[in-house]
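Here is a short tour for someone meeting this structure for the first time. Have a look at the model, then read on.

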Amino acid sequence: MLKKQLTKITIMSLIIPKIKMNARIQFFVVTIFALFLFKTLNNTSSSFYFLISNEILIGISAASLYFVLIEWVHIKKINPLTLVMNIGILVAVIFFLIIFFSSTFAELSGFKISGQASFGIFPKIISFVYGYILLGTSIYIFLAFRELYFFKQKGNRSTYFNTMLVFIILSSFSSILPAEIIYVQDTFFIISIFLIIFNSLKISWIAFIVKKDKKNLLFLSIIIAILFVMNLAGNTKENAGSQIIFQFSPILNQFLKIILIYGSVYFSILFFTTLFHIPTAEAFDRKAQEVSSLQYFSKLITEVLDFADLISTISDIAYTINRADASWIAWKENSDLKLLGNKNIGFINAELITGTAKEAKINFDLSETIFFPLDNYLNKLQLSELFSVVTISPLRMHNEIKGYIFTAKRENSVLDEEDKNALDTFADYASVALENSHLFEESIIKERLEKELDVAREVQRKILPTKYPEYKQLDISSLFIPAFEVGGDYYDFFEIDNDNFGFVIADVSGKGISAAFIMAEVKGIFESLSKIIKSPKEILVKANEILQRTLDRKSFVSAAYGLIDLKNETLRISRAGHCPVLLIRNNYSENMRPTGLGLGLNFTDYFADTLEELKIDLKENDTIVLYTDGITEAKNKQLEDFGSIRFEKILVDNCYDNADLISNKVIKEVTLFSQNNPQHDDITLVILKWKQLIKNYGEKEWQNSALQLKK
Amino acid sequence: MAEFSTSTKEVGEISIIYLKGYLDAHTAPTLENTFSNLIEKGKYRTVVNFNELNYISSAGLGVFMAYIEKIRENNGDIKLSSMSEKVFNIFDLLGFPLLYEIYQTEEEAVNKFIESKSFEK
């Protein structure tokens with residue numbers, strides 16, 4: 001506890017031992033007590049030793065008071081105006097004390113002008129208190145001057161001040177020297193005065209005071225200067241009050257005199273300096289405010305990243321820059337301007353003004369802040385609050401205007417070049433900050449998107465079949481290459497029973513996680529429908545009905561469903577908006593393209609009406625190819641499509657190979673074609689080859705062997 | 001990746017939307033905005049000119065599905081015109097010709113609106 005209270009103290013520019021504050025106060029109390037005893041108990045005031053010991057005691061007490069006060073003033077961090085007020089109060093106290101003692105007290109105590117200390121204990125105490133109060137106030141005033149001197153002072157100027165302090169002390173002490181060497185006293189005194197005048201000129205702190213306070217200061221400084229001068233004038237040997245001080249300590253008397261001179265000089269100079277500062281005070285205030293708001297804002301750049309917060313902050317600061325009354329931000333969204341963060345202005349008014357400005361400055365392609373007086377538009381505008389002039393500053397990112405800062409002013413005051421420059425600078429800062437926030441948001445979105453895509457890819461991977469059905473008559477191959485942004489491709493095989501094999505291919509519109517979820521649902525729908533319905537058309541009609549519940553209006557699913565009857569060797573197929581199913585037979589490719597709308601495009605009976613079902617008899621080596629547009633729309637660097645012609649040619653050229661080989665061939669060609677152009681959509685390719693079971697008799701056996709020969 | 005833009009023109013009560021570039025999942029919101037703006041202003045007779053459209057993805061097609069219901073409820077329509085063969089094929093595969101009127105030229109589509117209006121009277 002104690003350690004905390006005993007803060008270590010170092011006094012600027014004064015090399016004194018690091019004495020703890022408590023110790024200082026204790027020491028001060030001891031000295032004042034000692035001095036009090038000395039003053040009240042001793043009567044032999046005329047002896048030289050008495051004089052010396054008196055001065056030494058007072059000196060020690062004064063010094064200890066000085067070190068107590070210096071710390072106190074320092075800790076308080078009093079602002080200059082308060083210091084001035086303090087000085088004013090103290091000098092007034094001195095003024096009234098001197099008046100009081102000169103008239104009333106002197107009479108009451110029978111104190112004579114001749115100045116003999118032969119009065120009773122009560123007057124002694126009173127004169128001690130009086131003397132000590134003057135000692136304390138003059139030390140405090142001196143310290144206040146010291147604080148004012150160092151306030152907002154650049155560089156180390158303590159040398160001048162300390163020199164002055166030394167000379168003031170020397171001058172004070174020299175007052176007890178014998179009259180023969182009065183020139184020493186005069187020399188110190190003159191040097192002190194000279195240094196006081198010199199140091200009084202260092203009043204740079206008034207520049208940092210706002211205009212209102214400057215006016216107060218002007219008033220205060222003249223009153224205080226007058227008080228100091230009056231006190232100084234009253235401080236003569238004829239005055240009873242001064243006599244008491246002189247008797248209390250000649251050094252204090254001299255010190256007080258110097259302080260009074262200091263005060264008179266300082267406040268006179270302060271008065272005139274303030275007077276000269278007043279005309280420029282407003283400009284200075286403005287500049288200071290601009291600087292501080294710009295500093296504040298550049299700090300914010302690193303702190304605010306949320307776009308909405310940032311807009312609000314920018315708007316908050318904007319109108320303070322040119323001392324306008326309101327501000328808002330018009331942010332470009334597509335071709336419109338969206339109003340954000342309006343401050344001190346209603347949304348309707350802000351919109352009216354923005355609209356008018358936009359109409360008046362047709363293209364609105366500003367390179368710098370413009371002023372837009374509203375005078376000519378006021379009748380048309382019908383504002384509920386009067387605004388007479390607006391500034392518009394463009395917010396630019398990458399040389400593109402992203403929005404505008406608007407500030408509006410009620411009074412029709414002239415906005416000058418300074419305002420314009422300040423707003424321009426501010427708009428630049430704001431643009432950088434907005435850009436940062438934009439980039440930050442973008443990176444968050446990107447990260448989230450990537451996570452989403454990971455999930456989507458995982459869903460897709462789990463949905464697609466991992467093994468092929470085992471039918472002797474079918475050679476099956478399937479291939480799926482996902483795009484970076486999951487494309488929503490889906491295919492599946494259904495071993496319905498020994499004689500029936502169903503298959504489906506589908507492509508969900510859109511990409512990413514939403515497509516992956518629809519895909520999962522589509523899988524569920526086909527998986528269950530394939531078990532209860534055989535007809536491909538009916539399955540698609542039913543699937544459409546079920547999907548109505550989940551698909552939003554702009555999503556749809558293209559699908560093709562096929563059913564192979566292994567016993568009767570037939571294929572039935574229906575198509576709901578999907579790519580045609582290809583049948584490669586006898587070196588010829590046929591597009592099986594029964595009509596049908598995509599799932600989710602229509603939920604009325606019309607859907608079933610337009611859906612066709614195709615039925616074909618399967619022949620040996622028939623190759624059925626299911627695919628999604630990821631293959632035909634694969635693009636090369638020139639953005640040309642791979643196309644169906646190229647695709648079908650490969651299929652025909654390789655139609656006697658097994659399904660896997662054909663699939664490999666296709667992918668190889670697609671890869672070669674697209675070079676390194678990134679794949680934008682999922683690629684799905686499913687190949688089913690029909691192999692007739694070799695029978696011991698009949699025509700088909702002959703065909704088979706013939707085909708094998710051909711191979 | 002690719003650029004996409006729309007512009008609109010008013011011919012009497014009919015709005016014509018010109019599409020340019022690549023219409024996919026990323027650029028679809030631009031077209032969505034165009035449609036919402038028209039609907040907000042109560043403009044339900046729309047012709048979409050595909051002349052300068054290079055590519056349309058499934059997400060792009062979805063935009064037309066998103067607004068057709070609302071537009072037709074208000075006795076309006078979206079008519080499509082001037083498609084390249086490639087773009088038409090994409091529409092055709094999905095069966096869009098069964099749902100939308102698709103014309104060779106913008107004039108044909110506009111005239112169709114004018115005709116139907118005179119019938120109403």
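Sort the lining of the largest pocket by residue type and you get 15 nonpolar, 13 polar and 12 charged residues. Keep in mind that this is a predicted model. The pocket itself holds about 790 Å³ of space. Its lining counts 40 residues, and those nearest the centre are A:Asp629, A:Thr632, A:Glu633, B:Ile90 and B:Leu93. Several elements give two or more residues to this lining: from chain A they are β8 (500-508), α18 (629-632) and α19 (644-653), and from chain B they are β3 (45-56), α2 (58-73) and α3 (85-94). Which element gives the most? That is α3(B), with six residues.

Stay with α19(A) for a moment. Its buried residues are A:Phe647, A:Glu648, A:Ile650, A:Leu651 and A:Val652. What do these buried residues pack against? In chain A, their packing partners are the strands β11 (581-585), β12 (588-592), β14 (623-627) and β15 (683-690), along with the helices α18 and α20 (659-674).

On to the charged pairs. Side chains of opposite charge can pair when their charged atoms come close. Over all chains, the structure holds 26 salt bridges. Here are three of them, with the distance between N and O atoms.

| Salt bridge | N to O distance |
|---|---|
| A:Glu368 and A:Lys420 | 2.9 Å |
| A:Lys523 and A:Asp492 | 3.0 Å |
| A:Glu545 and A:Lys542 | 3.4 Å |

Take A:Glu368 and A:Lys420, whose side chains meet in a salt bridge. This pair ties together distant parts of the chain, 52 residues apart: A:Glu368 is in the loop between α12 (347-360) and β3 (370-373) of chain A, while A:Lys420 belongs to helix α14 (residues 417-463). Are the two buried or partly exposed? A:Glu368 counts as partly exposed because its relative accessibility is 38%, whereas A:Lys420, at 11%, counts as buried.

Now for A:Lys523 and A:Asp492, which also meet in a salt bridge. They too link distant parts of the chain, 31 residues apart, with A:Lys523 in helix α15 (residues 512-532) of chain A and A:Asp492 in strand β7 (residues 489-495) of chain A. A:Lys523 has 16% relative accessibility, so this lysine counts as buried. A:Asp492 is buried as well, at 3%.

The pair A:Glu545 and A:Lys542 sits within one helix, α16 (residues 536-547) of chain A; the two are three residues apart, so about one helical turn separates them. A:Glu545 is partly exposed, with a relative accessible area of 45%, and A:Lys542 counts as partly exposed at 36% relative accessibility. Over in chain B, salt bridges that share partners join B:Arg72, B:Asp77, B:Lys79 and B:Glu101 into one network.

One last stop is A:Ser200, found in helix α7 (residues 182-200) of chain A. Why does A:Ser200 count as buried? Because its relative accessibility is 0%. A polar atom of the A:Ser200 side chain lies 2.7 Å from the backbone oxygen of A:Ile196. Which residues touch A:Ser200 once neighbours within four places in sequence are left aside? Those in contact are A:Tyr262, A:Val265, A:Tyr266 and A:Ile269.

How values were computed
Residues numbered from 1 in each chain as written. Chains lettered and ligands numbered in written order. Predicted model: local features only at pLDDT ≥ 70, side-chain atom pairs only at ≥ 80, totals over all residues. Heavy atoms only, no water. Helix = DSSP H or I, 4+ residues; strand = E, 2+ residues; numbered from the N terminus. Buried < 20%, exposed > 50% of the residue type's maximum accessible area, 1.4 Å probe, protein only. Polar contact = N/O pair within 3.5 Å; in protein donor to acceptor, adjacent residues only side chain to side chain. Contact = heavy atoms within 4.5 Å. 1 Å grid on protein atoms, 1.4 Å probe; cavity = no way out; pocket = protein on both sides within 12 Å on 5 of 7 lines; lining within 4 Å. Points joined across faces, edges and corners; volume = space filled by probe spheres on them. Nonpolar A, V, L, I, M, F, W, Y, C, P; charged D, E, K, R; others polar. Salt bridge = Lys/Arg side-chain N within 4 Å of Asp/Glu carboxyl O.
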